[in-house]
Structure formats: structure tokens, C-alpha cells
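Please read them with the coordinates open.

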Amino acid sequence: MTGHETLSLYEAVGKGALRVASVPDIKLLENLGFRVGTRIAVQTRYRLGGPVLLRVEDSYTVAVGKDVARQIGVTEETVAGEPALREAFA
Amino acid sequence: MSGRLGARRDEQVLDRRDAVLLMGNPNVGKSVIFTELTGVHAISSNYTGTTVSYLEGRFTAGGKERVLIDVPGTYSMTPTSEAETVAVRFVESGAKAVICVIDASNLERNLCLALELRHCNIPIVYALNLLDVAGRRGTSINDRLLAAELGAPVVPTVAVKKQGLDELMRKLDAVLAGENPGRGFCGSCDACPYGQPRERGAIWAEAKAIARRVSGKSAARPGFADKLGENMMKPFPGIPIALLAMALLTGVVVGGGEALRSLLLEPLVDGVIVPFFRFIFTRFVPEGMFLNLLVGEYGIFVISFEWIVALILPYVFLFYVSFSFLEDSGYLPRISVLFDSVMRKLGVQGGSLIYALMGLGCAVPAIIGTRASSSRKERLVISAAVCFAVPCISQTGALISLMSGYAWWMMPAMLLLAVFVFAAAALAAGKLVKGTVAPLILEVPNLLMPEPKAYAKKLAARMKNFLLEAEAPMLLAVAAASLLKETGALAAIATAAQPLVSRWLGLPPEAVTGLILGIIRREMSVAPLVALELTHLQAFVGGAVALLYLPCLSVFGVLVKEFKLKAAAAISVSTIALALLAGGLINQLGRLFG
């Protein structure tokens with residue numbers, strides 16, 4: 001993984017920090033701060049077609065239903081040197 | 001329906017240009033600040049009708065008595081729901097000043113609304129609230145710097161601990177006196193120091209930049225409520241906690257309601273109120289049908305007190321005591337998220353579960369509450385499911401008293417039946433109603449202990465609203481019942497319906513009273529059965545018919561008001577048909593195998 005591929009938010013469970021790459025045109029999403037570049041992390045994906053629970057910009061929690069989560073594109077957050085650091089501490 | 005109402009209310013708002021608006025994102029502690037600033041008395045008004053009906057109260061600001069309006073929470077000036085539309089209309093109708101509450105633990109997003117409000121030509125004071133929560137999260141904010149950035153006073157507050165509110169009032173007074181403590185307020189658009197309103201992207205960028213400049217980060221120290229709130233969101237222990245909470249809610253309402261009713265309200269109604277009216281009317285009205293209509297067995301002045309005050313009020317009150325607590329603590333959105341997958345299978349989204357829970361109290365506020373959901377389809381589907389299978393709290397009480405006299409398995413069996421019919425009704429309505437259901441997008445607020453004063457105020461407003469919304473149809477029902485009884489129509493119908501009641505449902509002929517009165521009040525379809533000697537099967541059939549039966553005249557009235565006569569009639573006719581069909585089938589099968 002280079003971190004530049006766009007994947008759907010719904011598939012991005014267990015990926016750590018993510019950045020929004022594309023958002024469907026839904027006003028409420030925009031008002032809740034979902035824009036290209038917004039930092040999010042998936043906390044939980046509920047089973048049986050449930051929603052994903054997200055931490056947005058590390059300051060608030062939003063639940064997004066499966067159908068919408070599938071339409072949100074995200075990329076993995078990459079910070080220069082970070083993987084190396086992670087390995088160093090592993 | 002709501003359009004005309006909305007227009008009329010708008011004019012009322014326009015008349016009050018002296019008001020101060022209290023605004024902010026949802027869940028930022030606005031209501032607590034409102035309660036602290038205005039004291040006990042508040043009027044609850046339904047603008048275009050939302051679950052978040054707004055409150056207005058009086059307070060002294062700028063040396064003058066003014067109205068403070070608790071505007072429904074909004075994320076931005078581009079509304080996404082009816083409640084947010086109301087908020088925007090308030091701003092557009094004008095006011096003397098705005099108190100904009102900002103969540104310090106969530107600065108960036110809250111600043112977007114703050115920045116947008118600068119272009120509304122109204123002086124602003126900012127309350128930087130929830131500083132304690134921000135502190136636990138390791139966020140510190142330089143409020144002076146923020147004030148300089150916003151060009152208006154910023155007052156740090158922890159509203160639940162009453163911190164900073166005196167200072168907030170001082171700053172508001174100064175602003176109302178025309179003082180200009182910051183860079184100045186947005187005046188006429190040409191001269192506005194903030195330039196012309198910009199598009200959302202630019203506002204977000206500015207909010208982000210400001211948030212970065214004024215806040216610092218350190219290590220987070222989550223408290224007990226934060227951890228509990230997080231755990232409640234995990235499937236385990238979240239789901240067991242949710243089930244426990246619902247069981248507890250039922251216990252409080254049913255048990256407490258029974259106690260309130262038998263110890264306080266029934267003695268009051270039967271011993272004081274009703275005898276008082278009997279005494280008055282027998283002195284001035286000659287004996288006969290008219291007197292019976294007033295104070296006879298089914299007299300208007302008798303059953304309106306017996307039903308509304310003694311039978312309904314205690315349960316409704318306790319239900320709202322528990323429900324408002326869950327609501328103010330921020331728990332309900334957590335339930336919506338946990339059960340979204342289940343509700344999705346039924347064709348609606350998790351948020352709808354809240355209305356079903358409200359329906360356990362009374363279907364009237366539940367159906368009115370669905371106004372907050374974004375699609376008509378969802379409103380209709382969930383309203384229909386509630387009408388079919390969710391018993392109101394007074395009926396639940398009556399059902400429990402009926403079943404407990406027979407066998408332990410009846411109540412769980414009834415619950416299973418209700419869940420099954422709820423699911424079937426939602427699925428069927430989903431097939432029949434055209435349109436789409438909006439998916440779940442929901443901010444999960446911090447879990448917190450409700451602030452007692454704000455909670456009490458909301459509860460009072462709720463009870464008042466319930467009485468106003470439900471009282472008129474109830475009085476009508478009471479009058480109808482009274483007329484039926486006094487004209488002898490009740491007895492005639494009982495004779496005519498005997499084949500259905502006795503042969504098909506296998507119930508004693510007296511049970512027809514329940515079927516007729518059940519049209520008017522839901523628990524009245526059960527109550528007449530309690531006094532009868534029944535077999536186990538009869539008790540279960542009677543309970544099942546009552547459960548599935550038409551959900552009372554008040555609900556019918558609300559259905560007509562919200563969805564027009566056609567949908568209301570369709571729901572009502574099919575509930576009655578289903579109740580009789582299911583009751584009969586249970587009876588026939590029970591006979592076959594029993």
C-alpha cells in the first residue's frame with residue numbers, strides 16, 4: 001500500500017488515519033465537516049450492514065450508514081518518515 | 001400543512017425584533033445556557049413543528065426586559081432539516097443580538113457557523129462553552145486571540161457549572177448598548193469589515209486556520225462519562241446496556257405510573273374533582289339525558305378527568321421523565337447507531353428507532369416527532385409500524401394487569417407478536433409507499449449528566465405540549481363515548497357485533513365494549529377485559545386484538561393532520577382488519593390444538 005489509492009470508507013476498517021478524497025453531494029455530510037482533505041479514523045464498523053462509526057478531525061464522532069460510507073472515498077494518511085518510525089518502535 | 005403554519009409564525013417572529021437569539025450547533029449546551037439566563041418560566045412554541053420545538057423566555061439584558069429565543073441547533077446557514085430551516089428563518093427575521101454558543105471541544109466545525117453568522121447584520125457575543133470537555137480532551141483555547149479573530153466578544157463558559165455566565169451577560173449588555181469591543185460588527189454589506197459572504201469551502205478554510213491559531217494540544221484525560229459513552233457504542237457491552245436501559249425505562253414507567261395513579265391521582269379524581277362537578281351540576285341542571293351527558297357514568301366531566309388525569313397523565317409523565325433523561329444525556333443517538341443494521345433491514349434507518357421508542361409512550365408525539373426525519377416515506381413507514389404494533393404506555397399498563405392474572409408466558413408471547421407485526425408492518429409499508437429513505441448520517445454527542453434545571457424546563461414544556469396537542473381530540477372522544485352510552489347506541493352495537501366477538505374471537509359478549517371504546521382510547525380496549533372471567537386463550541386473544549387494534553382517535557387525528565385522510569384511513573382500516581384477523585386466527589388455532 002502506498003497510501004495513494006482511493007478506497008471506499010466502508011472498506012477502510014482497521015486502516016488507521018485516513019483522509020477524505022471524495023464526498024457525495026449531501027448537505028448534511030458537508031455541514032458535518034466531510035470535505036476533501038478532512039482527517040477521519042474508523043472506530044467501529046457494525047455488523048450486518050450497520051453503519052461505520054468515525055472520529056472526525058480527532059474531535060467529534062459521526063456515524064455514517066453503509067450506503068453513504070460506500071460513496072465516500074478515502075486515502076490512507078501518510079506522513080513522511082512515519083512508517084519507519086513505527087517500525088523502529090515495534 | 002406546515003407551510004401555512006410556518007408563514008403565520010414567521011409574522012409573529014417579525015414582531016419581536018427586540019429579541020435575542022441563542023444559537024449554535026446541536027449539542028453545545030445551548031439549552032443549559034438558556035435555562036440559566038431566563039429562569040424558570042419558558043414558553044414552548046412549535047415553529048413549523050419539530051421534535052426540537054424552540055423555547056422562549058424572558059430576561060433582562062441591556063437594561064430592558066427582552067425575549068431570549070433558544071433557536072434549534074444548526075450546523076450552518078444552509079439548512080438540511082426542518083429544524084435548521086427554522087433556525088435560519090429566525091436569523092433572517094432579525095433580532096437585537098445573537099449569543100452564539102461554540103463547542104470548545106470541537107472548535108473548527110463550530111467556527112463555521114460562527115463565521116457565517118457574522119454576515120447576518122446582527123451584533124454577536126460568542127460563548128465558548130464545554131471548556132471542561134475540551135480540557136479533558138487535551139485542547140486549550142486562547143479566548144482573547146479568538147475574540148480578536150472573530151472581531152467580537154468571546155466569553156469562556158462551562159454552562160453546567162454556571163461558570164462565565166455573568167460575564168456573558170455583561171458582554172451582551174455592552175453589545176446591546178452599542179459598544180464595540182472588537183473590530184466591529186457586520187454592518188451594511190458594503191462597509192462590512194468581513195467582506196462579502198463567501199462560499200462554504202472558503203469558510204471552512206478560514207475556520208480551520210483560526211482554530212489552528214488559537215488552540216493548543218496536550219494529552220487527553222478522558223473521564224468516566226467519556227469512557228462509558230465510548231463503551232455504549234461498542235456492540236458489546238453496548239447492546240446489553242441498551243436492552244437493560246429499555247427494561248429499566250419500562251419498569252419505571254409501568255411501576256411508577258401504577259403507584260402514582262392508585263395512590264395519588266385516582267383518589268384525587270374520584271374523591272374530590274368528580275364529586276365537586278357532580279355537586280355543582282346536579283344543583284343547576286335538571287335530571288335527564290343532558291345531566292347524564294355531563295356527569296353520568298360516561299359523563300364528560302367524569303371521564304375526561306378519570307381518563308385524562310388519572311389514567312393517562314401519570315404514565316405519560318413518567319415516560320417523559322425517563323425519555324427526556326435519555327435524550328438529554330446524549331444516549332438516544334447511540335441506540336440509533338447500534339440498531340441501524342436492524343432498522344435498515346426493515347427499510348428505514350437507525351434514527352427511526354427513536355420514534356418507535358417515543359411511541360411506547362404515546363403515538364401522538366412519536367408521529368409528530370417524525371417531522372424531523374428527512375423523507376416522507378420514512379415518516380409514513382415508521383408511523384404505520386408504530387400504529388400497528390407499538391402499544392402506548394397506558395395500554396401497556398392495562399395489558400400487564402390483564403396478563404399477570406393468567407400466565408407468565410403471555411407477556412413475552414405478546415412482546416414477540418408485537419415485534420413480529422412491527423417488522424411486517426414496516427416491510428409492507430415500505431413496499432407500498434413510494435420514495436426513498438435517507439441513510440443514517442448522525443453526529444454522536446458526548447455522553448453527559450443532564451443539567452437538572454434545563455431538564456426540568458424541557459419536561460414541563462413537553463407535558464404542556466402533550467396536553468395541548470392531545471387534549472382536544474381526547475375531549476372529543478370523551479364526548480363521543482358519552483353520547484354513545486347515553487343514547488343507547490353502545491348496547492345496540494354490542495348486540496350487532498356478537499357473532500364476530502363470540503363466534504370468531506371466542507370472547508364473551510361484554511368484550512365488545514372494549515372494541516368500541518378502544519377506538520377512542522387505546523387502553524380502553526383492554527380495561528373492560530380485566531374485570532371478566534376469561535380462559536387463558538380468551539385473555540391472550542383479547543390482549544392481542546387490543547394490541548393490534550386501531551390506535552385511538554387522537555392518533556387518527558394526528559395521522560390525518562400529518563399524512564392526509566387517505567393514508568390515515570388506510571392505516572386505521574388495516575389495523576382493525578389485522579387485529580380481528582389475527583385475534584380470530586389465534587383463537588381458532590388455540591381451540592384446534594388446545
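This is a predicted model: local features need pLDDT of at least 70, side-chain atom pairs count only at pLDDT 80 or more; totals for chains, interfaces and linings use all residues.

1. Chain A contains three helices and six strands, and from the N terminus its elements follow the order β-β-α-β-β-β-α-β-α. Of the 90 residues in chain A, 49% are buried. Among the contacts in chain A with a separation of 6 or more, 52% are between residues 24 or more positions apart. The chain exposes about 4,600 Å², with 50% of that area supplied by carbon and sulfur atoms.

2. Seven strands form an open sheet in the order S1(A)-S6(A)-S2(A)-S3(A)-S4(A)-S5(A)-S10(B), and the pairing is antiparallel. Strand S1 (7–8) of chain A and strand S10 (441–444) of chain B stand at the edges with a single partner strand each, and therefore one side of each has no neighbour in the sheet.

3. The pairing around S2(A). Strand S2 (residues 17–22) of chain A is joined to S3(A) by three bridges in the antiparallel sense, while four bridges, also antiparallel, connect S2(A) with strand S6 (residues 73–76) of chain A. For A:Leu18, the bridge partner in S3(A) is A:Ile40.

4. Strand S4(A) and its two hairpins. S4(A) pairs with S3(A) over five antiparallel bridges, and A:Ile40 is the residue opposite A:Val56 of S4(A). The hairpin of S3(A) and S4(A) has six residues between the strands, and A:Leu48 adopts a positive phi near 60° there. On to strand S5 (residues 60–64) of chain A, S4(A) again makes five bridges and runs antiparallel, with A:Leu54 opposite A:Val62 of S5(A). This second hairpin leaves three residues between its strands, and A:Glu57 in the turn has a positive phi of about 50°.

5. A:Thr38 in its loop. This residue is found in the loop between helix H1 (27–31) and strand S3 (39–45) of chain A. Why does A:Thr38 count as buried? Its relative accessibility is 1%, and the cut-off for buried is under 20%, so A:Thr38 falls in that class. A polar atom of the A:Thr38 side chain lies 2.9 Å from the backbone oxygen of A:Arg35. Apart from neighbours within four places in sequence, A:Thr38 is in contact with A:Leu18, A:Arg19, A:Val20, A:Gly33, A:Val56 and A:Glu57; of these, A:Glu57 is the turn residue with the positive phi described above.

6. The interface. In the contact between the chains, 27 residues of chain B meet 29 residues of chain A. The area buried between them is about 2,500 Å², and carbon and sulfur atoms give 56% of it. B:Trp204, B:Arg344 and B:Ile441 supply 25% of the area that chain B buries against chain A, more than any other three residues.

7. Nonpolar side chains tend to be buried together in soluble globular proteins. The largest nonpolar core in this model has 115 residues, and the members that touch the most others are B:Trp307, B:Tyr331, B:Ile367, B:Phe422, B:Val545, B:Val555 and B:Leu559. Helix H12 (residues 300–328) of chain B gives the most to this core, with eleven residues. Not counting residues up to four places away in sequence, B:Tyr331 touches B:Met232, B:Gly238, B:Ile241, B:Ala242, B:Ala245, B:Leu326 and B:Leu447. There is also a second, separate core of 42 residues, which includes B:Ala95, B:Leu113, B:Leu128 and B:Ile141.

Notes
Residues are numbered from 1 along each chain as its sequence is written. Chains are lettered from A and ligands numbered from 1 in the order in which they are written. Side-chain values use heavy atoms; hydrogens and water are left out. A nonpolar core is a set of buried Ala, Val, Leu, Ile, Met, Phe, Trp, Tyr and Cys residues joined through side-chain atoms within 4.5 Å. Buried means under 20% relative accessible area, exposed over 50%, partly exposed in between (1.4 Å probe, protein chains only). Contact means heavy atoms within 4.5 Å. A polar contact is a pair of N or O atoms within 3.5 Å; within protein, one must be able to donate a hydrogen and the other to accept it, and residues adjacent in sequence count only if both atoms are side-chain atoms. Two strands pair if DSSP finds at least two bridges between them. Accessible areas come from the Shrake-Rupley method with a 1.4 Å probe; for residues, only the protein chains shown count as cover. Buried area is the accessible area (1.4 Å probe) that two parts lose on being put together, summed over both.
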